Amino acid sequence: MLQTKITSREIENTAPEAPSLEQTISSALALMSRQYPVMIFTLLLCICLAGVYVFTAPKRYTGTAILMIDSRKMQGLQTQAPASGADNPIDSAMVDSQVELLKSEAIASKVIKDLKLAESADFMSDGGGLLSSISSAITGIFSESTPPTEEQILRAALARFASGLSIKRVGVSYVIEISFQALSQELAARIANAVADGYIVDSLESKYQASRRAAVWLQDRLKELRSQASSAERTVADFKAKNNIVDAGGRLLTEQQLAEINTSLTTARSQRAEAQAKLERITAILNADGDDSKVILNDLATVSETMANPVITKLRQTYLEYAAKQADWSNRYGSTHLAVVNLRNQMREIRRSIVDELRRTAEVYKSDLEIAKAREESSQKSLNDTIAVSNNTSQAQIILRDLESNAQSARALSDNFLQLYMVSVQQQSFPITEARVISQAASTLPNKTSPRTTLILLAAIVGGSILAALVAILLDMMDRVFRTVSQVEKFVDTRCLASIPVIEQAIKANSAQSGKAAWRFGKRDKPKPQQASPSHGGSGTTLPLHGPAPAFSHQQSHRDRLLSAEESVGRHVINAPFSRFAEGFRSIKLASDFANFGAGSNKVLGITSALPNEGKSTISEALAQTLAQSGCRTLLIDGDIRNPSLTARLTPAAQDGLIHVVIGQADWRDVVWIDPQTNLHFLPCAITSRFSNSSDLLASQQMDDLFQQLRQHFDRIVLDLSPLAPVVDVRATGGLADSYILVIEWAKSKIDIVERVLGETPVVRERMLGAVLNKVNVSVMSRYDTYGAAYYRNRYYKRYGYVD
């Protein structure tokens, strides 16, 4: 888990950060500095094309009429108030619909017919522009020349009309702008005004026709609706008569009877309940104990009817008087006294009389209760009968309401249609529409609208700038070659030892010298080729490394082996020691002086390149001249056995060389050429036919022994090798060279090719001292340097006495 966290953190730390604003601006400026010639050319091309279009395009003029949709003009003529408010604003979608109506073929056909535009040469002509002429010529080639029909002429006129017409709504207002482009001011104004007038006339005609058709339809419909309304009202009346439905003060008769009977029943129920309550109370008193005088007297006090009965009231008062006397006399004379006993008897008789009076009152209450029950039953029966009748009436009323609703709807619809019919009849004579022209197109004002020179040029500048930027980005993405030191260090993963500028005169001289050498080499007598070695199976000459060697021509004397290469490019380091060319090789020499690969010395420098013609032989010669001029014992060896271009350039007359030394037919001292000015020693590679087993020769023990001898006699050995991509000879020099220098041609060497050949030749990558950017155009290279280092370095060379 911890390892996973650490890995995630490392991934986050190593994730590329988004470029900052400063880096983005710097990259954009660098791109512009690199590709500004292409960008300027693209921009000028777009401007030139725009200029050609402006000068060749026909001039067109625009006539503009302004139309307004105003609903307030119709408000004074309306007989009804608008449903949505007093203002009745026009819907925005309706205005857009009117815009589309103005673009319709109906309006266009009317205008074309009224103004006879199909017969007008100015209208039917396209102006004779360059693009139109080209299009007509191409169309004429592939089409047959037959006279057009009237339908075709009309369709062409409609197409021309639609291409010149422009209808647009001004903002969100009710104003519509009608514009037309033509070859003349007068024609443009006439057509724009004719479109506005045609729209108004078409609107009036459409309103009249619509109102007329509506009036005819409304009249027929009104008769039908009136008949339906009358029939519905008669049906309502017949249904009321059939079902005895009578209205009384806005209410049905059964409803009034039901209310009265319900009130009477409520009263009867109240009276019956009251009588029953009184009877039950009297009965409860009578059912009490007859000997308990206090209970009877107390119960009598709770009955209001007994208190109102004079007999019971008198008896009760007498009883209370006797009770008071009886209590008094009992205290005086004792409870057994005759007077007390008589009072008790009299009191008993009074109670008996009160009970009898209560029984008579109870009978009265019973009679009242029977009467109340009879009255309640009668009211309940009447109520039930009335409810039954009301239910039947209610069922009929449901049907009656539907009939009345249909009748009312028919009558209301008939009234509405009558009102609409009256409005429609009135509107047939209204010669007015919602639209009106508020500004007509003028034929005297300057109104040229096409071509718009300023706008076209501005669009050409903006579009050309964008196109130039895209072209620059595309070319920069496709430019997979080495142009800066930073690219060499990034893609080759090594130091860039020097940037060698191109020498124009030297290149021309070198080309001429190479041509002469090639001519001499081709004219040289070729020896008879030997049989190819079975081990190699090649078709070219194979020189054996053991056994007897073929015979060569006699050796030249020491006086004849002097180098004379004043016109050679490599000689420029001697002829112009203060040039940037010479300074670059001093930089290479300094790097080689301080280089140390392993425990051995860095004596043998192998010079190679990815592809031929990248200048490796020139670099080898110039570097050897620089080393020799510094006082080192320097030997330059032409190790490109397949194509010894350095030998052809410096010693075209050499007959013996490296191969002869390796196979033992000559001593290296006898075939070495010497530069008398710098004491540079040069070991050529003289061959007379194609050589197939060059890699075996370079990897042989004899070659290794030769280099061991040369290491003892020379301080530095510069070995010019073959390119990496075409042949494999460089891979066989691992035991010969201490370090390698890769020559990269500026603006020509492909990055992908260099990366691939280095991956296929690990010995060169492991021992690479550095790379040299050759044939550099200094003035152009400064555009590709992001930080302008090349520019400033080249700018201040003269201050220290350097010259080109």
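## Terms and basis

A salt bridge is taken here as a side-chain nitrogen of Lys or Arg lying within 4 Å of a carboxyl oxygen of Asp or Glu. The model is predicted, so local features need pLDDT of at least 70 and side-chain atom pairs count only at pLDDT 80 or more, while totals for chains, interfaces and linings use all residues. Residues are numbered from 1 along each chain as its sequence is written, and side-chain values use heavy atoms, with hydrogens and water left out.

## Salt bridges around E760

Across the whole structure, a search finds 20 salt bridges. One of them joins R731 to E760, with the closest N and O atoms 3.7 Å apart; R731 sits in the loop between strand 13 and strand 14, and E760 in helix 25 (residues 751–760), 29 residues apart. Helices (H or I, at least four residues) and strands (E, at least two) are DSSP runs numbered from the N terminus.

E760 also forms a salt bridge with R756, the closest N and O atoms being 3.2 Å apart, and these two residues both belong to helix 25, 4 residues apart, about one turn of the helix. R756 is exposed at 60% relative accessible area, whereas E760 is partly exposed at 36% (buried means under 20%, exposed over 50%, partly exposed in between, with a 1.4 Å probe and protein chains only).

## The R711–D738 pair

R711 forms a salt bridge with D738, the closest N and O atoms being 2.8 Å apart. Because R711 lies in helix 24 (residues 701–713) and D738 in the loop between strand 13 (716–720) and strand 14 (739–745), the pair ties together parts 27 residues apart in sequence. R711 counts as buried at 16% relative accessibility, and D738 counts as buried at 15%.
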